[in-house]
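Dear colleague,

I am handing over the structure below, and my notes on what was found in it follow directly after. Please read them with the model open beside you.

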Amino acid sequence: MKMWSGRFRQPLDPEFEKWQRSFPYDRRLLPFELEASGAHARALERAGILTAAELTSILTGLDTIGNKAESSPEFLNDLEAEDVHHFVEKQLAAIIGTAGYKLHTGRSRNEQIATELRLFVRASVDTLQELLANWIDAFLTRAEKAGGEALPAYTHLQPAEPVLVAHWLLAYVEMFLRDADRLADCRKRVNLCPLGSGAVAGATLTLNRQVMAAELGFDGPTANSMDATSDRDFAIEFVNSLSQLALHLSRWAEEMILFSTPAYGFVELPEPYSTGSSAMPQKKNPDLLELVRGKAARVMGCATTLQTLVKGLPLAYNKDLQETQEPLFDASDTVISMLPLVTGWMQTVEFNEDRMNQAASTAFMNAWAAAAYLVERGVPSRLAHEAIGKAVQLAVERGCDLQKLPLADLQEIHPSFDAAFHSRLSLAEVLALHDVPGGTAPRHVKRALQNARERAASLRAHEPLVVR
Ligand code: ARG
């Protein structure tokens with residue numbers, strides 16, 4: 001039986017009937033549909049609408065549906081069910097008889113779908129926090145192992161200054177901790193329960209909304225029935241957070257691709273996550289990284305779809321909202337499937353530390369430190385910059401590093417150069433010079449590492465994160 005056949009004299013056009021169904025994709029909400037239906041049934045019993053026996057029979061019926069779906073996936077091949085709500089109503093009536101039709105008393109699919117999508121997002125956020133914790137852990141473990149190793153930091157993709165490998169890895173940790181924090185923040189607004197909102201104006205029965213919310217693990221009921229039945233902000237926020245996370249993954253992937261090319265040679269692509277070329281025998285291609293970059297576009301597309309979908313909708317529920325489901329599921333699935341793979345990649349990849357260190361000690365990346373040395377001797381910064389620029393010019397002409405220039409030549413450029421100059425340009429000295437919190441000096445990186453460890457641990461503990 002349809003959920004709304006009474007008013008209609010003509011059957012639906014068969015093509016339209018098929019086309020408008022959401023069951024092919026909202027069937028995955030079945031566990032949430034069953035949970036929410038159980039909470040509604042118990043509220044009906046408390047309100048005196050169902051007898052204790054009817055409640056027991058409905059709850060048993062809901063359990064049976066859940067078990068059947070788990071044990072035989074064909075059970076879900078229902079070509080008549082309009083959506084997951086209709087499917088459960090039909091099956092319940094088939095299992096327990098017409099008492100099954102009492103379950104829908106005083107509720108609307110509008111509040112149901114809003115509730116179940118919130119339960120879906122909440123579960124995804126919790127999964128993602130766990131996966132993010134593992135992902136961040138892969139960076140922290142590598143950073144701890146990296147010790148005093150250095151690599152070049154780039155600005156404009158030109159060699160800029162040397163940094164500790166750990167400092168570089170911690171830059172990514174910050175991005176992903178922000179992503180985790182965004183998800184945790186999003187979860188707060190997700191975790192409110194629309195049940196009892198009815199179709200638009202609120203339930204027509206005095207259902208205890210507090211109890212229904214608590215039974216489903218929500219922090220409380222939503223405040224306004226019109227908003228609750230038509231609000232998809234939680235989905236938009238969630239997918240926007242995913243899109244930001246995918247964007248970070250994409251930036252990371254791009255840098256890894258770059259660093260794996262022979263021109264850089266910092267990263268040895270792990271074979272278990274790379275592929276060869278059918279034509280060129282020498283190739284080892286960074287397919288995992290390229291797909292991560294590509295999938296970011298897809299997740300961003302989902303975020304755009306959701307925003308565009310909702311932007312022209314008057315209050316309250318409109319059927320357009322059914323179209324929020326697929327991009328929401330797709331974005332969630334895409335990111336959830338990527339995180340364990342990139343984590344595996346990061347745990348397996350080998351860094352070519354010799355090349356990194358060597359690159360960090362060349363290309364005049366100690367020039368700013370050299371200017372700082374003159375500033376210490378009272379030379380105004382702009383003039384120090386000018387003098388070191390000239391020294392670089394001279395070194396370029398001679399094909400040597402700054403620290404190879406004889407003192408006499410340096411003193412011709414500026415009288416403030418003295419014998420201490422050359423030792424100040426070693427990699428260790430240059431790194432130690434950046435002696436501020438958040439800088440690459442080893443003692444600060446050590447502290448930053450501890451601090452990041454603590455924040456990452458709070459992710460697993462599901463504590464609210466503090467972003468510093
Ligand atoms: N399948 C629908 C959706 O996802 C459920 C809500 C239907 N509500 C309605 N008034 N037709 O949006």
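**The ligand and its surroundings**

In this predicted model, a nitrogen atom of the ligand has a polar side-chain atom of S22 at a distance of 3.2 Å. On the oxygen side, an oxygen atom of the ligand lies 2.7 Å from a polar side-chain atom of Q325. Taken on its own, the ligand has 340 Å² of accessible area, and the protein covers 86% of it.

The residues around the ligand are S22, D83, H85, R109, N110, I113, Y317, Q322 and Q325. Sorted by class, this shell holds five polar, two charged and two nonpolar residues. Helix α6, which spans residues 109-146, supplies the largest share of the shell, namely three residues.

**The pairing of α6 with α12**

Helix α6 also packs with helix α12 (residues 325-348), their axes coming within 9 Å and crossing at roughly 15 degrees. Since angles under 35 degrees count as roughly parallel, α6 and α12 are therefore roughly parallel to each other. The crossing in which α6 passes α12 is left-handed. As for the residues that form the contact of α6 with α12, 18 are nonpolar, seven are polar and one is charged.

With best regards

Technical notes: Residues numbered from 1 in each chain as written. Predicted model: local features only at pLDDT ≥ 70, side-chain atom pairs only at ≥ 80, totals over all residues. Heavy atoms only, no water. Near = heavy atom within 4 Å. Polar contact = N/O pair within 3.5 Å; in protein donor to acceptor, adjacent residues only side chain to side chain. Areas by Shrake-Rupley, 256 points an atom, 1.4 Å probe, with all protein chains shown as cover. Helix = DSSP H or I, 4+ residues; strand = E, 2+ residues; numbered from the N terminus. Nonpolar A, V, L, I, M, F, W, Y, C, P; charged D, E, K, R; others polar. Axes fitted to C-alpha atoms, helices over the stretch in contact; angles between N-to-C directions. Parallel < 35°, antiparallel > 145°, perpendicular 65-115°, else oblique. Left-handed = near helix turned anticlockwise from the far one by under 90°.
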